[in-house]
Amino acid sequence: MKTRSWLLWAAIVLLTVLPLCLIGAPPGTEGLFGGSDDRAQQAIGTIAPHYKPWFAPVFQPASSEIASLLFALQAAIGAGVIGYWLGLSVARERACNSELAVTSSEQDRRAD
Amino acid sequence: MHIMEGFLPPAHALGWAAVSAPFLAWGLRSMGRGLQAHPERRMLLGVAAAFAFLLSALKLPSVTGSCSHPTGVGLGALLFGPAAMVPVGFVVLLFQALLLAHGGLTTLGANVFSMAIVGPFVSYAVFRATAKLGASRSVAVFLAACLGDLATYLTTSAQLALAFPDAVGGFDTSFLKFAGIFALTQVPIAISEGLLTVLVVNAMARFNAHELRALPVMALRTREGA
């Protein structure tokens, strides 16, 4: 991989890890690094305290662990397809290169 | 992060669904026509959809002390045009609403509008504008994916501010409050999405140059690989 690609990967990792290191939990704080939608829910609670959600999710994961499992499943489906494409592409490039190498060596032999 | 189930009043939920429905129909038609004309692009469309699927499942920590996820729809918008990403975003949001209790069926229209319509269209417009200004392909792709992601969450903030205006400051105060939650959290995550999209486009340019030749991301005269 080119140096530039490595630098891009490093920047992505830093952008993900730095908030975890920089943001410390004040004593007694709960819900640090919870979802921003939970915070929005709290904000709605302060702006419109009488608002009640009029519909509940049709399926609620039994626990946060099950929810993590389902999110991981979604990520795995996406990563699986991308991995398949990447593997196929690399194999195709290698096959193309070796075909070219064989053709050029045959041409060299004929020239001799 | 999307608007939670039941957290938009019925009139707003219906209104956003009505706004998003024609875009979805247009997107399905555009995708169908595109694939009929170029069946060889099926694999790349699958990769673009998988990218959105993968990225929208990754809840990443941010500087505000809360987590959010990228959208991943910018890549597909640059490759196949923004309309093609409407059905893709719809499927991702439906999956999350049905199986993950993330977003919701009543808020699907609003979430489709922010993530699958505004995000891809902003990405595409930013890409065209920056490419025309002479930016390199990488810079144009980065800005497009990053700003498309941010635009999604600014739209979510506006949708919530419209539904829940502040009693004193009205829409503006409420929008600032929701943008502070959604858009600010999204800044480092949007930058990550921009960088990741550049990496994927570079890989596609290397491995799928033939299929990419006529696609928007390559058709515009950007400086190759610069």
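Two strands are taken to pair if DSSP finds at least two bridges between them; helices (H or I, at least four residues) and strands (E, at least two) are DSSP runs, numbered from the N terminus. The model is predicted, so that local features need pLDDT of at least 70 and side-chain atom pairs count only at pLDDT 80 or more, whereas totals for chains, interfaces and linings use all residues. Residues are numbered from 1 along each chain as its sequence is written, with chains lettered from A and ligands numbered from 1 in the order in which they are written.

Strand 1 of chain A and strand 2 of chain B run parallel and are joined by two bridges. Within this pairing, Gly34(A) stands opposite Ser66(B). By pLDDT, the predictor's confidence in each residue from 0 to 100, strand 1 of chain A (residues 34-35) has the lowest mean among the elements of its chain, 78.

Contact between the chains, with C-beta atoms placed from the backbone and lying within 7 Å, takes 44 residues from chain A and 51 from chain B. On the side of chain B, helix 8 gives the most, with nine residues. This side comprises 34 nonpolar, 13 polar and four charged residues (nonpolar: Ala, Val, Leu, Ile, Met, Phe, Trp, Tyr, Cys and Pro; charged: Asp, Glu, Lys and Arg; polar: the others, Gly among them).

Helix 8 of chain B (residues 183-207) also meets helix 6 of chain B (residues 137-163), their axes coming within 8 Å and crossing at roughly 145 degrees. Axes are lines fitted to C-alpha atoms, for helices over the stretch in contact, and angles run from 0 to 180 degrees between N-to-C directions. The residues of this contact divide into 14 nonpolar, five polar and two charged.

Technical notes
Contact = placed C-beta atoms within 7 Å.
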